[in-house]
Each structure stands twice: as structure tokens, then as C-alpha cells.
Amino acid sequence: MKKYLVIVLLAITTKLQAQHVSCHTAQFLVTGTVNNPYTVTIAQLDTMPDAPISDIIITNHLGEKKSEIKNLKGVLLKTILQKALLPCESPKQLSEFYFVLTACDGYKVIYSWNELFNTQTGNFTYLVTSKNNIDMGAMNESILVLTTSDFTTGRRYLKGLSSITINRVQ
């Protein structure tokens with residue numbers, strides 16, 4: 001009987017550990033429909049001027065509180081994306097571009113060019129450089145992306161950013 005109990009407990013423990021997969025990233029790639037693919041490292045982000053971000057409550061899709069983050073600092077995502085040279089002949093074509101942010105666990109978040117560069121959302125979408133007074137390199141989630149103006153903040157709270165792919169609508 002004890003043998004079966006140990007096996008069941010071991011199986012349950014293994015299953016619980018599998019539910020909390022965290023990955024750590026030290027850089028991310030900016031690729032896709034762009035003239036100049038590039039890599040951004042934590043060391044590069046550390047040299048950029050960051051801004052304080054108000055404390056924020058992370059909520060799920062139902063608006064229920066999941067966690068609270070304090071003492072935040074970050075670099076605007078659009079500051080990083082301005083370096084990407086997009087292949088377009090007129091500014092009108094910029095509306096055809098969108099950005100797919102992918103975490104190391106496969107989670108994806110999408111922003112349109114207009115959303116980041118032509119609305120207030122772009123002024124509230126950050127790469128978090130410090131959380132709870134812990135610098136990005138020491139955080140478990142490493143490179144975080146957070147849009148503080150979202151109604152349900154957890155939907156676009158991306159942990160462990162590994163790539164940004166720039167695409168163009170066909």
C-alpha cells in the first residue's frame with residue numbers, strides 16, 4: 001500500500017512542477033519583415049534611460065487580481081522598435097505592419113504599428129528593467145513586457161521575451 005501511495009504522490013508532484021515552467025532570457029531577436037534584423041541584450045537595455053512605472057495589479061481575463069507589482073522601471077517598447085527599418089515606400093504603408101512578441105514558453109502577444117506609434121498604448125507599453133527593486137537580469141522572468149494601460153493587464157503581460165517578429169498584412 002505504501003508503495004502505491006509513494007507512486008501516486010510522486011506522479012502528483014511531477015505534474016505540479018510541470019505546471020510552473022519558467023524560462024530565463026538574456027536577449028531577444030527583432031526579425032521578420034525588416035531591413036535590419038537585430039538582437040537586443042539585457043546589457044543594452046541596462047544602458048538605456050528607463051522611466052519609473054506606477055505600481056500595477058496584474059489581472060486575468062475576468063479582471064480578477066492575480067498579483068501586484070511594485071517599484072517598476074522600464075524602457076518603452078516603441079523606443080526599441082524605432083530602430084527597425086521597415087520596407088515601405090510611404091508612411092501610409094506603416095499601418096500594414098504588426099509586431100508578434102514571443103516568450104520563451106511560446107506565449108505570444110501582438111501589437112499593431114498604429115497601436116504602438118499612433119495611440120497612447122505606445123506610451124504605456126514597457127520592457128520592464130526593474131521589478132520590486134530587482135534588476136532585469138536577476139528577475140526569474142527576465143525580460144518582461146507590460147502594457148500598464150490595459151484593462152486586464154495579464155493578457156499582455158509577457159514573461160521571458162525571446163523574439164519580436166515584424167510582419168506585414170498581405
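The legends below accompany several close-up views of this predicted model.

Because the model is predicted, local features need pLDDT of at least 70 and side-chain atom pairs count only at pLDDT 80 or more, while totals for chains, interfaces and linings use all residues. Residues are numbered from 1 along each chain as its sequence is written, and side-chain values use heavy atoms, with hydrogens and water left out.

**View 1. The whole protein, for orientation.** Let's start with the overall picture. The protein has four helices and 13 strands; helices (H or I, at least four residues) and strands (E, at least two) are DSSP runs, numbered from the N terminus. Of its 170 residues, 38% are buried, where buried means under 20% relative accessible area, exposed over 50%, and partly exposed in between (1.4 Å probe, protein chains only). Among contacts with a separation of 6 or more, 62% are between residues 24 or more positions apart; a contact means heavy atoms within 4.5 Å. The protein exposes about 10,100 Å², and carbon and sulfur atoms supply 56% of that area. Accessible areas come from the Shrake-Rupley method with a 1.4 Å probe, and for residues only the protein chains shown count as cover.

**View 2. The aromatic cluster of Phe99, Trp113 and Phe117.** These three residues form one aromatic cluster. A search of the whole structure finds two aromatic pairs. The rings of phenylalanine 99 and phenylalanine 117 have centres 6.4 Å apart and planes at 55°, so this pair is tilted. Rings of Phe, Tyr and Trp (its six-membered ring) pair if their centres lie within 6.5 Å; planes under 30 degrees apart count as stacked, over 60 as edge-to-face and the rest as tilted. Phenylalanine 99 is buried at 1% relative accessibility, whereas phenylalanine 117 is partly exposed at 23%. Tryptophan 113 and phenylalanine 117 form a stacked pair, 5.2 Å centre to centre with 25° between the planes. These two residues are separated by about one helical turn because they are four residues apart in helix α4. Tryptophan 113 is buried, with a relative accessible area of 17%.

View 3. Strand β4 (residues 56–59) and strand β5 (residues 65–69) run antiparallel and are joined by four bridges; two strands pair if DSSP finds at least two bridges between them. Look for isoleucine 58, which stands opposite serine 67 in β5. Five residues lie between the strands of this hairpin, where glycine 63 takes a positive phi near 85°.

**View 4. Threonine 129 and its contacts.** Threonine 129 lies in strand β9 and is buried, with a relative accessible area of 4%. Leaving aside residues up to four places away in sequence, threonine 129 touches Leu45, Asp50, Lys73, Gly74, Val75, Ile134, Asp135 and Met136.

View 5. Most residues other than glycine have a negative phi. Here, phi of asparagine 132 is positive, near 55°, and asparagine 133 has a positive phi of about 65°. Asparagine 132 is partly exposed at 35% relative accessible area, while asparagine 133 counts as exposed at 62%.
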